[in-house]
Amino acid sequence: MKQSRSLLALVIILVVTVAGTLVILSDFTSPIAPPDAPPTGVVDPVIVDDLQLSITAYFWQDFMPDIPPEGPPFYLVLRVKATNLGNTTVLGLNVFAVTVYFGDSLNVLHTFKIEPGLACCFDEFTVPPNRSELFEFTNDRETVFSPELDEGVILYARVQVVWDNGESIVTTAPAPLGFTY
């Protein structure tokens, strides 16, 4: 009996270790929880600790110039408008992940790792007091995600925004998927 418990414990440890390793190696990013209800139009800005955040998302699949073997890549760009309503500079503003949902549902399309957009030229993402800044982020382009979607399908995003002493989840307004040919 004691030997079978030891064997069972060893098997459990092995399974947990292998599963953890696979998650780390797969670059898995946890989905961001859905909103209580999907957005139906314009989304109000979120205000947390004197920081007002609003985000616009653009989604498209790239069919040019050549389609990779995985299929046409899915891209997104997030434009984050951060307005500092307080008296101290907000430091370290960043976006690490975004989960994209289908239009009028709570169904997940995919969760993406995010990196600063190509047009972004900031060394450090800061927002001085009583100022607004616009930051651009895009999905990691090294890993191709190629879903089979119809052009114009409506999508929205849930975005995890973090800064030196805060964090918030912001929902974008619904937007159509574009195709580039």
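Me: Before I read the order of elements, what counts as a helix or a strand here?
Reply: Helices and strands are DSSP runs, at least four residues long for a helix and at least two for a strand, numbered from the N terminus. This is a predicted model, and its protein chain runs α-β-β-β-β-β-β-β-β-β from the N terminus on.

Me: How do I read the contacts by separation in sequence?
Reply: Take the contacts in the protein chain with a separation of 6 or more: 70% of them join residues 24 or more positions apart.

Me: And what share of the residues is buried?
Reply: Buried means under 20% relative accessible area. Of the 181 residues in the protein chain, 38% are buried. As for the surface, the chain exposes about 10800 Å², with 58% of that supplied by carbon and sulfur atoms.

Me: Let's zoom in on one residue. Where does Thr99 sit?
Reply: Look in strand β4, which covers residues 94–102.

Me: Why does Thr99 count as buried?
Reply: Because its relative accessible area is 0%, and the cut-off for buried is under 20%.

Me: What does the side chain of Thr99 pair with?
Reply: Two partners to look at. One is the backbone nitrogen of Ile32, which the Thr99 side chain reaches at 2.7 Å. Another is the side chain of Thr111, in a polar contact at 2.9 Å.

Me: Which residues does Thr99 touch, leaving aside its neighbours within four places in sequence?
Reply: Pro31, Ile32, Val108, His110, Thr111, Tyr156, Ala157 and Arg158 are in contact with Thr99.

Methods:
Residues numbered from 1 in each chain as written. Predicted model: local features only at pLDDT ≥ 70, side-chain atom pairs only at ≥ 80, totals over all residues. Heavy atoms only, no water. Buried < 20%, exposed > 50% of the residue type's maximum accessible area, 1.4 Å probe, protein only. Contact = heavy atoms within 4.5 Å. Areas by Shrake-Rupley, 256 points an atom, 1.4 Å probe, with all protein chains shown as cover. Polar contact = N/O pair within 3.5 Å; in protein donor to acceptor, adjacent residues only side chain to side chain.
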